[in-house]
Amino acid sequence: MNGNDSLGKKAFKRSRSHFADRITADGRDGWPVEAGRYRLVVSYACPWASRALVVRRLLGLEDALSLAVTDPIQDDRSWRFTLDPDGRDPVLGIRYLSEAYDAREKDYPGGVSVPAIVDVPSGQLVTNDYQQLTLDLSTEWTALHRDGAPDLYPEPLRDEIDAVMEDVYRDLNNGVYRAGFATNQEEYERAYRDVFGRLDALSERLAGQRYLVGDTITEADIRLFTTLVRFDAVYHGHFKCNRDKLTEDPVLWGYARDLFQTPGFGDTVHFDHIKRHYYQVHTGINPTAIVPLGPDLSGWHTPHGREQLGGRPFGDGTPPAPR
């Protein structure tokens, strides 16, 4: 795992998505929305991919957009389909996600990331733009949404949602990685302060309102949730973000449990994949690859009391069907 050995030894910088084509209702990038044509490739371990899992489930796109799940443990060719029979994705017929990247651009020099959407007929990667992908599922795929699908990116609130998401991304979603992969004390401390400064601000914001923007679940909540749900399991210890645990902030812990217990959130979380990926793959910062047994996960199912703040989780829509 050559690339993983270097983690913590060179400055961390998140790569921009190289393949930023969009799948749209009008097909303006050459990729029209079409049921059954595309395959969403995810890792349950990855917070960026987990956003897409939540959105896909909330909008009822399971039948329209098929799902491929990678092994949480990568090798030197990155994400692989070793969970499937014969180690091949049964729809795409490939062993590694990198093969879809190569089909799109031979000898692509960048990293192989999830989430990714692959065009099934050609086997080519369409997009790995994790920031835009879920927004397009909400706004461009509406013809294929289930009856009662919530509006996760309501137009009147988009400016506020975008502003909240930018702060959360900079200081928290990406901040935990900057702390965990820091190469010197100053770099680490700067990221650490960003993480907990943002958590403090979010706790204050959510003390009097159930959701981040408006009175319904939006994309902003999804992007915060996928970091919070990993916080105590991996970021607190593995990434040294250890001022407080999530469970020690009554507001954020209640908020996270509220979402976890909402259909479409907790039922897409796999803590085993999360822990094994971070602790076994990031050998640059955990050379023993020992996976801790804790924390106790039973608290995620305890009452949260956030209903007292009001709010309508799905707005005028309905929850997705139980699994």
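In this predicted model, four strands make up an open sheet of mixed pairing, ordered S2-S1-S3-S4, where strands are DSSP runs of E with at least two residues and helices are runs of H or I with at least four, both numbered from the N terminus, and where two strands pair if DSSP finds at least two bridges between them. Strand S2 (66-69) and strand S4 (124-127) are the edge strands, each pairing on one side only, and the twist from one strand to the next averages 35 degrees, with angles taken from 0 to 180 degrees between the N-to-C directions of axes fitted to C-alpha atoms, for helices over the stretch in contact. Strand S1 (residues 38-42) and S2 run parallel and are joined by four bridges; leucine 40 stands opposite leucine 67 in S2. Helix H2 (residues 47-59) packs on the sheet, where it touches S1 and S2 and has a direction at about 130 degrees to that of S1, contact being defined by heavy atoms within 4.5 Å.

Residues are numbered from 1 along each chain as its sequence is written. Local features need pLDDT of at least 70, side-chain atom pairs count only at pLDDT 80 or more, and totals for chains, interfaces and linings use all residues, while side-chain values use heavy atoms, with hydrogens and water left out.

Helix H7 (residues 185-206) comprises 22 residues and reaches 31 Å from its first C-alpha to its last, close to the expected 32 Å, the expected span being 1.5 Å times one less than the number of residues. Its buried residues (under 20% relative accessible area, with exposed meaning over 50% and partly exposed in between, for a 1.4 Å probe and protein chains only) include Tyr188, Tyr192, Phe196, Arg198 and Leu202. At the N-terminal end, H7 is capped by asparagine 184, a side-chain oxygen of which lies 3.2 Å from the backbone nitrogen of glutamate 186.

Within helix H8 lies aspartate 221, which counts as buried because its relative accessibility is 0%. Residues up to four places away in sequence being excluded, aspartate 221 touches Tyr211, Leu212, Thr216, Tyr255 and Leu259.

Methods: A polar contact is a pair of N or O atoms within 3.5 Å; within protein, one must be able to donate a hydrogen and the other to accept it, and residues adjacent in sequence count only if both atoms are side-chain atoms.
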